[in-house]
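Biologist: Before we start, I would like to learn how to read a structure feature by feature, with the general idea placed ahead of the particular case.

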Amino acid sequence: MPSPRIEIHYCTQCRWLLRAGWTAQELLTTFGDALGEVALVPQVGGVFAIYIEGDLVFDRKVERRFPEMKEVKQLVRNKIAPDMKLGHSDSAVKSQTGSAAKTEKAEGDSCPNY
């Protein structure tokens, strides 16, 4: 597989540039030369989504939360380098379960523009 392009779409109205930049930095640090490019794509409407080669791998609106960094690393690894070890990031990701997770307002839903 040629070096993949990762896109991190983020909402400028919600001021999620720092979160998107931190995510990009973590991916570049972890995967180094295995990545061809990490692009930050400014958008509006409460967007925070991660794409690998055009395939959606995480969407904050669908999941109703932001991803944990280890979760992002696992999703990227599974797509671009399945045999790569991630050390402590290989442990299970905490996830919300039960009815509280379904009725709880999503993190970041305070954006008045979506």
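**Contacts, rings and a helix**

Modeller: This is a predicted model, and we can begin with one residue and its surroundings. Leaving aside neighbours within four places in sequence, Ile8 is in contact with Ala20, Thr23, Ala24, Val38, Ala39, Leu40, Val41, Phe48, Ala49 and Ile50.

Biologist: Which residues have the most contacts inside the largest nonpolar core?

Modeller: They are Ile6, Ile8, Phe48 and Val76, in a core of 23 residues. The elements giving two or more residues to this core are β1 (5–11), α1 (17–31), β3 (48–52) and α3 (69–80).

Biologist: How many aromatic pairs does the structure hold, and how should I read one?

Modeller: A pair of aromatic rings is described by the distance of the centres and the angle of the planes. The structure holds 2 such pairs. In one of them, the ring centres of Trp16 and Phe66 are 4.9 Å apart with the planes at 85°, so the pair is edge-to-face. Because Trp16 lies in the loop between β1 and α1, and Phe66 in the loop between α2 (60–63) and α3, this pair ties together parts 50 residues apart in sequence. Phe48 and Phe66 also form an edge-to-face pair, with 5.3 Å from centre to centre and 70° between the planes.

Biologist: Where does the charged end of Arg19 sit?

Modeller: The charged end of Arg19 sits over the ring of Phe66, 3.6 Å from the ring's centre, and that of Arg60 sits over the ring of Phe66 as well, 5.6 Å from its centre.

Conventions: Residues numbered from 1 in each chain as written. Predicted model: local features only at pLDDT ≥ 70, side-chain atom pairs only at ≥ 80, totals over all residues. Heavy atoms only, no water. Core = buried A, V, L, I, M, F, W, Y, C linked by side-chain atoms within 4.5 Å. Buried < 20%, exposed > 50% of the residue type's maximum accessible area, 1.4 Å probe, protein only. Helix = DSSP H or I, 4+ residues; strand = E, 2+ residues; numbered from the N terminus. Contact = heavy atoms within 4.5 Å. Phe/Tyr/Trp six-rings, centres within 6.5 Å; stacked < 30°, edge-to-face > 60°. Lys NZ or Arg CZ within 6 Å of the ring centre and 35° of its normal.
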